[in-house]
Amino acid sequence: MGKEKIRIGVYPGSFDPLTNGHLDIIMRASKLFDLLIVGILKNDSKQAVFTMEERVSQIERCTADLKNVKVEMFKGLLVDFVREKKAGTIVRGLRAVSDYEYELQMAMLNKHMSPEVDTIFFMTDIHNSFLSSSVIKDIAQHGGNIRGLVPDEIVDEIYAKLMVKD
Ligand SMILES: Nc1ncnc2c1ncn2[C@@H]1O[C@H](COP(=O)(O)OP(=O)(O)OP(=O)(O)O)[C@@H](O)[C@H]1O
Ligand SMILES: [Mg+2]
């Protein structure tokens, strides 16, 4: 009898910062895997507002009750990270039609590079369909209300980082 194969999924993104849209995908995806790794991409060409440590901490705090969710940082190609983690599936979310073209291209490239790995997509929850990290930063910067759009645990630190002080 062989060893039971554990199902590992990787949900990659920049999570700068985490939104309720991301959290919803994490909660739904965590039900499909024995282990779901949230992979934060360290992207040298895209300047992040929150440090890697802040982003890891935000996601860890907001997923503390999901015991099979782990947060890690990665650099370089997603397929290399996925292989290193022995994961079989990449998880992504789809909002509007505008996400589709980019996501299709990435999924096909990743399949080309790593045929044994599949990408699966979760449709956004209707309440989160208009959410992105970028719009959260825009709203917070100008003192708008981000409550209900990001997890309550991280509202204050987003304002602290972004509110324009005069
Ligand atoms: N509100 C949402 N509903 C469903 N999926 C989402 C949502 N926001 C992000 N995602 C998905 O999560 C993954 C990681 O996204 P990413 O880290 O780029 O977040 P983002 O909110 O799009 O940030 P940015 O505004 O910086 O592009 C992508 O597959 C993206 O489509
Ligand atoms: Mg995006």
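This is a predicted model: local features need pLDDT of at least 70, side-chain atom pairs count only at pLDDT 80 or more; totals for chains, interfaces and linings use all residues.

Me: What makes Arg7 and Asp34 a salt bridge?
Reply: The closest N and O atoms of Arg7 and Asp34 are 3.5 Å apart. The cut-off is a side-chain nitrogen of Lys or Arg within 4 Å of a carboxyl oxygen of Asp or Glu, so the pair qualifies. The structure holds 14 salt bridges.

Me: Which parts of the chain does the pair link?
Reply: Distant ones: Arg7 is in the segment before E1, while Asp34 is in the loop between H1 and strand E2 (35–41), 27 residues away.

Me: How do you know that His22 makes a polar contact with ligand 1?
Reply: A polar side-chain atom of His22 lies 2.9 Å from an oxygen atom of the ligand. A polar contact needs N or O atoms within 3.5 Å, so His22 meets the criterion. A side-chain N or O atom of Glu103 is 3.3 Å from an oxygen atom of ligand 1, and a polar backbone atom of Phe15 is also 3.3 Å from a ligand oxygen. Both values fall within 3.5 Å, so these are polar contacts too. The protein covers 90% of the 600 Å² of accessible area that ligand 1 has on its own.

Me: Where does ligand 1 sit, and which elements give two or more residues to its shell?
Reply: Ligand 1 sits in the largest pocket. The elements are strand E1 (8–13), helix H1 (20–30), strand E4 (89–94), helix H4 (97–113) and helix H5 (133–141). Of the 20 residues around the ligand, those that come nearest include Tyr11, Gly93 and Ser133. The shell divides into 5 nonpolar, 10 polar and 5 charged residues.

Me: What makes the loop between E1 and H1 worth a look?
Reply: Pro17 is in that loop, and a cis peptide bond with omega of about 0° joins Asp16 to Pro17. For comparison, most residues other than glycine have a negative phi, and most peptide bonds are trans.

Methods
Residues are numbered from 1 along each chain as its sequence is written. Chains are lettered from A and ligands numbered from 1 in the order in which they are written. Side-chain values use heavy atoms; hydrogens and water are left out. A residue is near a molecule or strand if one of its heavy atoms lies within 4 Å of it. A polar contact is a pair of N or O atoms within 3.5 Å; within protein, one must be able to donate a hydrogen and the other to accept it, and residues adjacent in sequence count only if both atoms are side-chain atoms. Accessible areas come from the Shrake-Rupley method with a 1.4 Å probe; for residues, only the protein chains shown count as cover. On a 1 Å grid over the protein atoms alone, a cavity is a set of points where a 1.4 Å probe fits but cannot get out, and a pocket is an open set with protein on both sides within 12 Å along at least five of seven lines; lining residues have an atom within 4 Å of a point. A molecule sits in a cavity or pocket if more than half of its atoms lie within 2 Å of its grid points. Helices (H or I, at least four residues) and strands (E, at least two) are DSSP runs, numbered from the N terminus. Ala, Val, Leu, Ile, Met, Phe, Trp, Tyr, Cys and Pro count as nonpolar, Asp, Glu, Lys and Arg as charged, and the others, Gly among them, as polar.
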